Amino acid sequence: MFLLDISNVTYLLLTHGAGSNRNAPLLVALDHAFSEHQIQVVRYDLPYRQDRAKGPPRPGDAARDREGLRAEILQIREKHPDQVWLGGHSYGGRQCSMLAAETPGLVDRLLFSSYPLHPPGKAQQLRTAHFPKLQAPALFVQGSRDPFGSIAEMKSAIALIPAPVQLLEIEGVGHDLGRNHAAVAARIATAFLGFNG
């Protein structure tokens with residue numbers, strides 16, 4: 001089992017879903033949950049959200065959002081942490097996964113909550129082309145009622161990833177992972193820190 005050495009400094013960069021921002025209740029709860037384990041958490045607004053307070057990303061925003069994430073990670077790396085972890089919810093998680101696939105070695109671990117495997121009702125439009133290029137250990141957290149990807153679909157998709165990977169199912173909730181953010185965040189932190197990746 002992976003045991004965290006709290007004498008080392010580890011940063012976790014977290015980002016948000018398409019309609020949200022760095023102050024999303026789940027991200028705030030994750031911040032608190034990981035901070036209790038002496039993880040330095042940075043909640044990050046993607047560039048499209050820095051430009052516009054409301055609304056989803058536009059089709060041309062994704063590449064710039066990944067560049068913003070990359071720049072933020074490099075700034076964190078300048079602090080010489082022992083590890084840098086990267087995570088995101090939904091759209092943010094997808095951009096994190098694509099960045100990690102594009103730049104192996106950029107981060108040490110990955111955390112994805114409610115990964116948008118496909119648009120609701122369009123199971124053939126899988127967003128997994130980059131999965132075989134992921135090299136960092138990854139934990140996926142998925143609600144059992146998520147219309148963006150069922151548990152069975154997620155299990156099939158993550159089998160494409162050559163790195164160590166684990167799926168944490170949150171029973172009875174959808175894409176938002178429910179309303180009990182503190183309890184869900186505590187489960188995620190425990191699973192992520194205990195994940196032998």
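Colleague: Which residue forms a salt bridge with R64, and how far apart are the closest N and O atoms?

Modeller: A salt bridge is a Lys or Arg side-chain nitrogen within 4 Å of a carboxyl oxygen of Asp or Glu. Here R64 pairs up with D51, and their closest N and O atoms are 2.3 Å apart. R64 sits in helix α3 and D51 in helix α2 (residues 47–51), so the pair ties together parts 13 residues apart in sequence. Helices here are DSSP runs of H or I, at least four residues long, numbered from the N terminus. One caution: this is a predicted model, where local features need pLDDT of at least 70 and side-chain atom pairs count only at 80 or more, while totals for chains, interfaces and linings use all residues. Also, residues are numbered from 1 along each chain as its sequence is written, and side-chain values use heavy atoms, leaving out hydrogens and water.

Colleague: How many salt bridges does the structure hold?

Modeller: There are 7. Another one joins R52 to D61, with 3.2 Å between the closest N and O atoms.

Colleague: Are R52 and D61 buried or exposed?

Modeller: Buried means under 20% relative accessible area, exposed over 50%, and partly exposed in between (1.4 Å probe, protein chains only). Both R52 and D61 are buried. R64, by contrast, is partly exposed at 38%.

Colleague: What do the side chains of R66 and E102 do?

Modeller: They meet in a salt bridge, 3.0 Å from N to O. This pair links distant parts of the chain, with R66 in α3 and E102 in α4, 36 residues apart. R66 is buried, with a relative accessible area of 11%, whereas E102 is partly exposed at 42%. Shared partners join R66, E67, R70 and E102 into one salt-bridge network.

Colleague: At what angle do the axes of α3 and α4 cross?

Modeller: Axes are lines fitted to C-alpha atoms over the stretch in contact, and angles run from 0 to 180 degrees between N-to-C directions. The axes of α3 (residues 62–77) and α4 (residues 91–102) cross at roughly 70° and come within 9 Å. That makes α3 roughly perpendicular to α4, a label covering 65 to 115 degrees.

Colleague: Which residues make the contact?

Modeller: Contact means heavy atoms within 4.5 Å. From α3 they include R66, L69 and I73, and from α4 they include Y91, M98 and E102.

How values were computed:
Helix = DSSP H or I, 4+ residues; strand = E, 2+ residues; numbered from the N terminus. Parallel < 35°, antiparallel > 145°, perpendicular 65-115°, else oblique.
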